[in-house]
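The sequence and the model are shown first.

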Amino acid sequence: MQPSFTRGFKAFAKAATGFTVALVVGLSSAHAFPDKPIKLVVPFAPAGGTDLIARTLAVEMAKELGQPVVVDNKPGASTIIGTDLVAKSAPDGYTLVVSSIAHAVNPSLMAKMPYSTEKDFTPVSMIVRSPNVLVVRADSPFKSVKDIVAAAKADPDKLTYASPGNGTSSHLAGALFADMAKVQIKHVAYKGSGPALTDLLGGQTDMIFATSGSVGGFIDSGKLRALAITSAERSTAYPGVPTVAEAGVPGYATEGWYGFYAPAGTPAAVIDKLNAATRKAAASEIFRSKVVSEGMVVQTGTPAEFDAFVRAEILRWSKIVKADVLAK
């Protein structure tokens, strides 16, 4: 019996030692984090609102973390390509994804996903809320929301609205607008804000519900005309522009949002460092002045708060998808 007991004890001691070593290594790794550049994946094409947020915040985060934060654009498949890359990355804190409202909507829109939205990611922090702006070309005959509604009712499905892709805040804002205004407007999806705005300016589409960051320059230069803001309150960037609800569609309100996720299994100590760096960077005067001027609202918080918010968004949009609003 003694040899058997001895072998069992040695096996237990070996396992315990291995666990202790792994724990110490993990804690040591978290303590040293970061000791190399961090990749920030943007699942949209360059030049859009998400890209603006990522690149501005990356500079400020690098100051806090002491390592470069490199933005890597991976657009396509309604943010799924870039998001999937992060889901399958090592859970060490060196690869993050800038998530948006598409992250909460895709599970309802897509029959099959290459990852689990709720199981394959660890929340880091929310960053900003971003109302969309309904804009048309400067030479458009539409001067108000009521003009658009009247034209759409007079000739159903003639008008078109562009978006950076299916499931984006732009797409959702347009779908809700058509549903609540009881009109038919065709959705034209693009691979990013850049291509969508290029075609709008070129006359291929009639309007877009775009992020303030992506269209602010065009509004200021007079190339695009802002007709309404999608949030419940007016934008500080465009106080003279009415909300969609004020402009003729009572009860209408929706806005986009952005936040950071890391792969599931990322150590809590690493997440805490990333959260602290994100919140401090977002509170910097450089970041705040940039996003506020674009009509966005800085809103950071704990990982748990971000997780609860996104879970509520998933539930909200699943109900809307089931009601076939996005199919209209």
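In what follows, two residues meet, or are in contact, when heavy atoms of theirs lie within 4.5 Å. The model is a predicted one.

**Overall content**

The protein has 328 residues, and buried residues make up 51% of them. Its secondary structure comes to twelve helices and ten strands. Among contacts between residues at least 6 apart in sequence, 79% join residues at least 24 apart.

**Helix packing**

Two packed helices are described by the angle between their axes and the distance between the axes. Helix H2 (residues 49-65) packs on helix H10 (residues 268-282) at an angle of about 125°, and the two axes are 8 Å apart. The crossing in which H2 passes H10 is right-handed. On the H2 side, the residues in contact are Leu57, Glu60, Met61, Glu64 and Leu65. They meet Lys273, Leu274, Ala277, Thr278, Lys280, Ala281 and Ala282 in H10.

A second pair is formed by helix H4 (residues 101-109) and helix H12 (residues 303-322), whose axes come within 8 Å and cross at roughly 45°. That angle makes H4 oblique to H12. H4 passes H12 in a right-handed crossing. Ile101, His103, Ala104, Val105, Ser108 and Leu109 are the H4 residues in contact. Their counterparts in H12 are Val310, Glu313, Ile314, Trp317, Ser318 and Val321.

**Strand S5 and its neighbours**

S5 pairs with strand S6 (residues 186-189) in the parallel sense, and within S6 the bridge partner of serine 163 is alanine 189. In S7, methionine 207 is the bridge partner of tyrosine 161.

**Strand S9 and its neighbours**

Strand S9 (residues 255-263) is mostly covered, with eight of its nine residues buried. S9 pairs with strand S3 (residues 95-100) in the antiparallel sense, and serine 100 stands opposite tyrosine 258 in S9. Strand S4 (residues 121-137) also runs antiparallel to S9. Here proline 123 stands opposite tyrosine 261 in S9.

| Strand pair | Sense | Bridges |
|---|---|---|
| S5 and S6 | parallel | four bridges |
| S3 and S9 | antiparallel | four bridges |
| S4 and S9 | antiparallel | nine bridges |

**Serine 193**

Serine 193 lies in helix H7 (residues 193-201). Its relative accessibility is 11%, so serine 193 counts as buried, the cut-off being under 20%. Which residues does serine 193 touch, not counting residues up to four places away in sequence? Serine 193 touches Gly48, Gly49, Pro164 and Ser214. Of these, Gly49 falls within the residue range of H2 (residues 49-65).

Note on methods. Residues numbered from 1 in each chain as written. Predicted model: local features only at pLDDT ≥ 70, side-chain atom pairs only at ≥ 80, totals over all residues. Heavy atoms only, no water. Pairing = 2+ DSSP bridges. Helix = DSSP H or I, 4+ residues; strand = E, 2+ residues; numbered from the N terminus. Axes fitted to C-alpha atoms, helices over the stretch in contact; angles between N-to-C directions. Parallel < 35°, antiparallel > 145°, perpendicular 65-115°, else oblique. Left-handed = near helix turned anticlockwise from the far one by under 90°. Buried < 20%, exposed > 50% of the residue type's maximum accessible area, 1.4 Å probe, protein only.
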